[in-house]
Amino acid sequence: MTLTLAGVVAVLAIVAVSVFSARLGVAAPLLLVAVGTGLSFIPGFPRLEFAPELILAGVLPPLLYSAAVNMPAQDFRRNFKPITALAVLLVVVTTVGTAWFFHALIPDLGWPAAFALGAVISPTDAVAATSVGKKLGLPGRVVAVLEGEGLVNDASALVLLRSAVAALAGTVSIWGVLGDFAFAVAAAVVVGSVVGYVNIRIRGWLNDPVLTTAISFVVPFVAYLPAEEIGASGVLSVVVAGLITGHQGSRYLRAQDRIAETINWRTLAFLLEGAVFLFMGMELKKSIEQVEESQFSTITAIAIGLVASAIVIVLRIAFVGPLVALLRRDTRRAHEAVSKIGEIQAQLHAHQSEGHLTGRRLQFAQTRITRVSADLAFQLNETLGWRGGVVLGWAGMRGAITVAAAQTLPQTTPHRPQLILIAFVVAATTLLLQGLTLPAVIRTAKVTSDDPDRLREEYGKLIEDLQRAATDTLADPAAADVPDDEVTATVVEMVRSDSIIGRVQSTADPDQNPEGRRRYFRLRFAVLAAEREALLHAKKLGLYSSQSLTHAQNLLDLEEARLEQLDDDKSA
């Protein structure tokens, strides 16, 4: 009964905080930490004990999977360099820098324990940063980099933590750590890829939104468990599986399945994220009590945590500066590469005219050149200047994963209670300080959102591509496997006016007879299939931004789901 009551209170608190956070203009994670802290000090409130492994193995995989499914693979690929730099190199730099600080300041703390604590506080939690950023209209590229960093840096930190914990029990070499890290990444990519592709194909065969959503709930753990069992990074495996699922879902899953899955996963992720930050706040009292039972004073641990918070903030800002300079160099190189692409296109046209390139080779070359050109246009149009760098540098909040990871330290770790409190102080300080001031930083740096006129123009061009695909289908229905005897002028006109290419509403009634309905739905679905294939082709070429592609895909999904429902109702 106690656990049930606590669960009810937690859900109500998460919903209430989300409602009031929107009105107060404060990110919900920040308020949830404060609410959790307040609940832990209420006399008689149930004291819940959660194994840290429950957070890392039970909550983190579905949270990362949910985020990865919704992150366009195109954005992740195009921002691979800054994401890798922040999620891997910065994690290593932060781990080493803070480990040196902890080893120098805390008596009797060996290097393995110092590195373990450094790994614990090194990964950022992008939930609060992206929630604030999206609300204030950050550019899509900045949001994508923050989301990508949040997906990958947990894997880097947990692999380093595992090596440090192993060193506590024995000896490890730097080459051993590098080898373990390389294996953990490579094996995780393989496992995650297999799980992602198998998952999407199996669910595509089911054609039932309830069954496909039910399977999706276990996919994160199917990716996580075998990867961890072979010594790979389970969380990275989950991320890879999620990215593949999100990228391939529009090809293999029905619209109804994707819509149902999106709604259910959004609800689950909302509750899990809220519970994680509540848990973080509720751990404060426990951490203080554990420190008070030892000889290491609470004030000293808090002071060390505050200094460590300043160190991780400074390290991130210092790291982001050269990173932005490197990206600006890539932009200059993109300018130079544009002219070279023109020369290559001219050579390709000459080879085509001479008959040296035909068939698949020609199609592959054209696709490759178009995709490279689109990537260069992205580098030129969505630059990450110093204003975006200011936001990236300040958006380094830590979260509940840091607190949970600290509690996985072995019981034999020197000064373990103090290390846990230090990790909590770093997480809480960065979350509250940077989270509360991030809106002011964004306004002061005058970071502007993506150009709405450019996005509207781009979306209009994408719709024109879909319109051409629909028009071609209506002009030759037989090419879309619609028999000629099922196509009449009335049905074609009804489909034309009701589809995305329509300019006026149809006055014809498809319900006039069963045969007319069957013909109407057959051709209507053929038009939607052609539009979706055109959208997938545009996504493959990278011609449009993820915002435009996602908007168009949602539009097609809603229309397809509506037609499927109407078709089912008429057939019943």
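At 8% relative accessibility, does Arg258 count as buried or exposed? Arg258 counts as buried, where buried means under 20% relative accessible area, exposed means over 50%, and partly exposed lies in between (1.4 Å probe, protein chains only). The model is a predicted one, in which local features need pLDDT of at least 70 and side-chain atom pairs count only at pLDDT 80 or more, while totals for chains, interfaces and linings use all residues. Residues are numbered from 1 along each chain as its sequence is written, and side-chain values use heavy atoms, with hydrogens and water left out.

The overall architecture may be described next. The protein chain contains 21 helices and zero strands; helices (H or I, at least four residues) and strands (E, at least two) are DSSP runs, numbered from the N terminus. Of its 572 residues, 50% count as buried. The accessible surface comes to about 26500 Å², and 63% of this surface belongs to carbon and sulfur atoms; such areas come from the Shrake-Rupley method with a 1.4 Å probe, and for residues only the protein chains shown count as cover. A contact means heavy atoms within 4.5 Å. Among contacts between residues at least 6 apart in sequence, 83% join residues at least 24 apart.

The interior can now be considered. A nonpolar core is a set of buried Ala, Val, Leu, Ile, Met, Phe, Trp, Tyr and Cys residues joined through side-chain atoms within 4.5 Å. The largest such core has 115 residues, and those with the most contacts inside it are Phe102, Ile121, Met280 and Ile422. Helix H17 (residues 416–445) gives the largest share of this core, 15 residues. A second, separate core of 25 residues includes Ala470, Val492, Ala530 and Ala538. Beyond its neighbours within four places in sequence, Met280 is in contact with residues including Val33, Gly399, Phe424 and Leu431. Ile121 is also one of the buried residues of helix H6. Helix H6 (residues 111–121) is mostly covered, with eight of its 11 residues buried.

Ser237, in helix H11 (residues 234–252), is likewise buried, at 0% relative accessibility. Not counting residues up to four places away in sequence, Ser237 touches Ala188, Val191, Gly192, Ala223 and Ala227. Ser237 and Ala184 are 53 residues apart in sequence, and their C-alpha atoms are 9.4 Å apart in space.

In one of them, Arg203 pairs with Glu261, the closest N and O atoms being 2.6 Å apart. This pair links distant parts of the chain, 58 residues apart, with Arg203 in helix H9 and Glu261 in helix H12 (residues 255–292). Arg203 is buried, with a relative accessible area of 0%, and Glu261 is buried at 7%.

Arg258, with which this account began, forms a salt bridge with Asp557, and their closest N and O atoms are 2.2 Å apart. Arg258 lies in helix H12 and Asp557 in helix H21 (residues 546–571), 299 residues apart. Asp557 is buried, with a relative accessible area of 5%. The side chain of Asp557 also meets that of Arg532 in a salt bridge (3.0 Å, N to O). Because Asp557 lies in helix H21 and Arg532 in helix H20 (residues 514–541), this pair ties together parts that are 25 residues apart in sequence. Arg532 counts as buried too, at 10% relative accessibility. Arg258, Arg532, Asp557 and Glu560 are linked in a network of salt bridges.

Asp154, in helix H8 (residues 140–169), presents another case. Asp154 is buried yet has no salt bridge, and the nearest side chain of opposite charge, Arg398, is 9.2 Å away. In assigning charge, Lys and Arg count as positive and Asp and Glu as negative, while His and the chain ends are not counted.

Most residues other than glycine have a negative phi. His415, however, has a positive phi of about 55 degrees although it is not a glycine, and Lys446 has a positive phi near 55 degrees. His415 is found in the loop between helix H16 (400–406) and H17, whereas Lys446 lies in the loop between H17 and helix H18 (452–475). His415 is partly exposed, at 26% relative accessible area, and Lys446 is exposed, at 60%.

Methods:
Salt bridge = Lys/Arg side-chain N within 4 Å of Asp/Glu carboxyl O.
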